[in-house]
Each structure stands twice: as C-alpha cells, then as structure tokens.
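Please keep the sequence and the model in view while reading.

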Amino acid sequence: MSTAVETRTMAQALNSALRDAMRADESVHVLGEDVGALGGVFRITDGLTAEFGPERCLDTPLAEAGILGTAVGMAMYGLRPVVEMQFDAFAYPAMEQLVSHVAKMRNRTAGRMPLPITIRIPYGGGIGGVEHHSDSSEAYYTHTPGLHVVTPATVADAYGLLRASIASDDPVVFLEPKRLYWGKDALDATAPVEPIGRAVLRRPGRSAVLITYGPSLPVCLEAAEAAKAEGWDLAVLDLRSLVPFDEQTAVELVRSVGRAVVVHESTGFGGAGAEIAARLTEKCFHHLAAPVLRVTGFDIPYPAPMLEHHHLPGVDRILDAVARLQWED
C-alpha cells in the first residue's frame, strides 16, 4: 500500500487505488477497452497489466454489454471485477446488464448472491468533448434500485472512495469527473476517508448553502469566494455519494441556513437536483426562507465544444440563483 504523503493528480490517485486494491486482494480484476497495454485513454490503469499480468488487467473487445456481462459472471464466481467504461455514454449499451442483472441479483437471490462489481465511468464535460464523451448520466443510475452511486471531487476521495467501492459487496457505479483528472493535491493513502454515504462540508457559511458533487465542486467553491463581494457567506456541501444520499447532513445544514441551491452539470428535468430539492422541501419546509433552487445543465443533448461553457453551471449562473433567494426578509 502507498504510505508516503505525495502530491498526486486525481488520475494518479485512482491508479494508486486500483494498484493497492489488486495488491491487497487477488480477487480484484480490472477489465475494459484499452485498459491493458495502453493503460486506458486517461491512463487510469497505467502499468497494471505489467505488474499483475493480462489475466488480472485485461483488454476487452469494444462491447460494453459483453464487458459488464462478463463481470457479472466473474463476480458470481467469487471475483471482484472493476470495469472501466471508456467514456460516460459508452456505458449505455450495457444498461440492460446493469439494470436487469447487476442491480437486481442480490434481491433476486434473497441476499445469497451479492455482486461486488465496481463500474468506473469517466463523466461530465469541460474537456472540449462532444456528446457521448461529456454526458452526465447519474440520474439513470440513481433511479435504479440496487446500485450505489459515488462521485469523488478531491484527490483524497478519488483514492479512498475507490478503495471503499472495490471492497463493497454491493455494485457501485463510480463516476469520475474527468475534467478534474489533472488537478493536484496531497494524498496520504493511509489517512481515513469518510465512507460511502457521507457528505462533507467543504466550506462553512451562514447565508445559504450550495449543494453539489463531482465536477461542480470547484465551481461552487469559486462562486462562494466570489459571493463575499456581495456580502453573502455561502456554505458548500459536497455530497460525494448520491446513493446512499446523506439526507441527515443536508437537512441539518439547510435547516440551520434556510436557503439552498443545488448545482450539477446534468440536465435539470428529472435530474438528481430535482430529487434533492424535493426531499429538502419536504424535510425543511418550515425552516426555508426561499424555495430550494437548482442550477444545472440545460435540457438539451450535450453541445459542441465551443458552446459547452454556456451549458455548464458557472460562477455567474450560481450567483444569479443566490440573488433570487428572497433576501429582502
């Protein structure tokens, strides 16, 4: 296991998590398109085949349904497969395996057949990709009972949450914000990390709370800093896990502040923010000074690279929403 505190990119932290998990447990296998000799298009699996051999880090055909179907069989026979879906929307052909088998096997067998599969999916925009390479598909997965849905926003969480996901006996959809792959921070692989299902308050504040996850966390922190010029002291809550959703932490924070904005890249209609806003309204109604607002991607297919900065929630759109939170009281 890695022990020294080092400055790592998120991509390197993910690579370390896979390597340490494979060293610790021979049942951990990695499979996907180009994960072997190439090390993955984002180099997350770099060097794993050289260290563990092509039997434990194996290239597959370009056939996502087959990749995930193979992982189902591997897990049923006692292995812990980690699947890489090369880009977010490439996972769509595997939805039948995911929804019909991965998500339901434990319930179908009355708990006798867990499927410890981790499905890594680079997701979100901000790198100049096009549709099928920049989608935010989290709502599909959060709407499917039987799956855990996790998304790190920091280098430490990338390492810790991936190790926790691989160790879980339940299937985990692990959404990696690819625009944060190259961000650097200190990583101590031995440091404790909040487990799956716990939100973390990244910035305290008393005026309103920005609730977010994954690629939108740095944007919200930037918006909170810019909001000081308007006299607003904004808290920023990083959910880290959409399923399980840390309702207790979110409810307590919103009740204490009275105003909230949910921020994410995916489309607004039927998105994760709609569910979060509904829950907070149900649980916090008498504590709210204003409706829970959302700042999201627009309800359109992902746009061309020259337009994506208009589509993605930015500091100005977040501050515009904060300005609508009925401050006159």
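## Helix packing and local backbone features

What covers the buried residues of α8 includes β9 (200-203), β10 (208-212), β11 (234-238), β13 (260-267) and α12 (315-323), where helices (H or I, at least four residues) and strands (E, at least two) are DSSP runs numbered from the N terminus. The model is a predicted one, in which local features need pLDDT of at least 70 and side-chain atom pairs count only at pLDDT 80 or more, while totals for chains, interfaces and linings use all residues. Residues are numbered from 1 along each chain as its sequence is written, and side-chain values use heavy atoms, with hydrogens and water left out.

**Helix α8 and its cover**

Helix α8 spans residues 217-227, and its buried residues are Leu217, Val219, Cys220, Ala223, Ala224 and Ala227; buried here means under 20% relative accessible area, exposed over 50%, and partly exposed in between (1.4 Å probe, protein chains only). These residues cover an arc of only 155° around the axis, which puts them on the same side of α8, the arc being that of the directions from the helix axis to the C-beta atoms. As a general point, an α-helix has 3.6 residues a turn, so residues three or four places apart point the same way.

Two packed helices are described by the angle between their axes and the distance between the axes. Axes are lines fitted to C-alpha atoms, for helices over the stretch in contact, and angles run from 0 to 180 degrees between N-to-C directions.

| Helix pair | Angle between axes | Axis distance |
|---|---|---|
| α8 and α12 | about 60° | 9 Å |
| α9 (247-257) and α10 (272-284) | about 60° | 10 Å |
| α3 (64-76) and α4 (95-102) | roughly 25° | within 8 Å |

For the pair of α3 and α4, whose axes cross at roughly 25°, the angle makes α3 roughly parallel to α4; angles under 35 degrees count as roughly parallel, over 145 as roughly antiparallel, 65 to 115 as roughly perpendicular and the rest as oblique. The contact, meaning heavy atoms within 4.5 Å, is made by Ala65, Leu68, Gly69 and Val72 of α3 together with Gln97, Leu98 and Val102 of α4. Its residues divide into five nonpolar, two polar and no charged, where Ala, Val, Leu, Ile, Met, Phe, Trp, Tyr, Cys and Pro count as nonpolar, Asp, Glu, Lys and Arg as charged, and the others, Gly among them, as polar.

In the pair of α8 and α12, the angle is about 60°, and that makes α8 oblique to α12. The crossing of these two helices is right-handed, a term that applies if the near helix is turned clockwise from the far one by less than a right angle, with left-handed used if it is turned anticlockwise. On the α8 side, Val219, Cys220, Glu222, Ala223, Ala226 and Ala227 meet Val315, Ile318 and Leu319 of α12, and the residues of this contact comprise eight nonpolar, no polar and one charged.

Helices α9 and α10 also pack at an angle of about 60°, which makes α9 oblique to α10, and α9 passes α10 in a right-handed crossing. Here Glu247, Ala250, Val251, Val254 and Arg255 of α9 meet Arg279, Leu280, Lys283 and Cys284 of α10, a contact whose residues divide into five nonpolar, no polar and four charged.

**Backbone exceptions in loops**

Most residues other than glycine have a negative phi, and most peptide bonds are trans. Asp34, in the loop between β2 (28-32) and α2 (48-52), has a positive phi of about 65° although it is not a glycine, and at 35% relative accessibility Asp34 counts as partly exposed. Arg240 likewise has a positive phi, near 70°; this residue lies in the loop between β11 and β12 and, at 0% relative accessibility, counts as buried. The peptide bond from Val243 to Pro244 is cis, with omega near 0°, and Pro244 is placed in the loop between β12 (241-243) and α9.

**Two further buried positions**

His264 belongs to strand β13 and counts as buried at 1% relative accessibility. Leaving aside neighbours within four places in sequence, His264 is in contact with Tyr213, Ser216, Gly271, Ala272, Gly273, Val295, Thr296, Gly297 and Pro313. Ser137, in the loop between β5 (118-123) and α6 (138-142), counts as buried at 5% relative accessibility. The C-alpha atoms of Ser137 and Ala272 are separated by 9.9 Å, although the two residues are 135 residues apart along the chain.
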